[in-house]
Amino acid sequence: MADQPLPLSVWPTAQQPASAQRTGWYVPGSTAHPAKMLPAIARHAIAAYSQPGELVLDPMCGIGTTLVEATRLGRDAVGVELEPRWADLARANLAHAHAAGATGRVVTGDARRLLDLLGRELSGRVALVVTSPPYGSSVHGQVDARPGQGVVKYDNAYSADRANLGRVGPTTLLAALAEILIGCHELLRPGGLLVLTARPWRRREQLVDFPGQLARTAEAAGLVPFGRNVALLVGLRGDGLVARPSFFQLDRVRKARARGLPLRIIAHEDVLVFRQAGPSPADRRRERR
């Protein structure tokens, strides 16, 4: 990711369960989204990398976690979300948690067209981008034990649309994310920062280094590595760590161990930080014409 290793910091972001972090600030329907960003991660990133009154963007905002936490901290916020269902929830969450003196809005549309959706007047005005791209489906969804049906899985898909980035293959996903990150580069002010949160995931029991793929994609979009963090997805009880895995994580690991594969729970997210430092590849191509 860089010629020299970046300093690594650890964020203890799950002292409270996710449900407790959202209590009072998010409408009840928010739990339906299969891959919500942990509010403490968004809040920590916004507090660390922006100032009150600055503009924060999430180009794949889902139910609006980044936007809610930004307005709570006195930042202005704008988000883009492809799925009308999640965009409506993001608007409801913003209205529910509105902070005095700050503004937030959600635009429904494809983040690959950021400049068209948000207007070129925002170019160079965004101080911080915080987003969590979609990744493997192995940890997503809700479960319920129902009489006569066993364990039933629900709310486990981003969308019924097969073109949604939560459902496409890895090559298509990374190509789309490259377009989105180039758009973010153009919207960021000089020296502005972009935060990507992601975790490695498994495909056919093989670990996929999604954070590493994202880092290379961001650098190809003209963004410069600035920081590297680990957000622990565990609670603290005295001096001990309390794991908070999903049902799907536990189920997958237990089944793998029963087959003799010594898998472990993934209990962290990578938080990768990049800086806007000059023209993007798209800008340079335009200059050469």
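I began with Asn93, which is found in helix 4 (residues 84-96); helices (H or I, at least four residues) and strands (E, at least two) are DSSP runs, numbered from the N terminus. I noted that this is a predicted model, in which local features need pLDDT of at least 70, side-chain atom pairs count only at pLDDT 80 or more, and totals for chains, interfaces and linings use all residues. Residues are numbered from 1 along each chain as its sequence is written, and side-chain values use heavy atoms, with hydrogens and water left out.

Is Asn93 buried or exposed? I found Asn93 buried, with a relative accessible area of 0% (buried means under 20% relative accessible area, exposed over 50%, partly exposed in between, with a 1.4 Å probe and protein chains only). Setting aside neighbours within four places in sequence, I listed the contacts of Asn93 as Trp25, Tyr26, Val27, Ser30, Ile63 and Val68, where contact means heavy atoms within 4.5 Å.

Next I looked up Val80, which is in strand 3 and is also buried, at 0% relative accessibility. Beyond neighbours within four places in sequence, Val80 is in contact with residues including Asp58, Met60, Val107 and Leu118. The C-alpha atoms of Val80 and Ala90 are separated by 9.7 Å, and the two residues are 10 residues apart along the chain.
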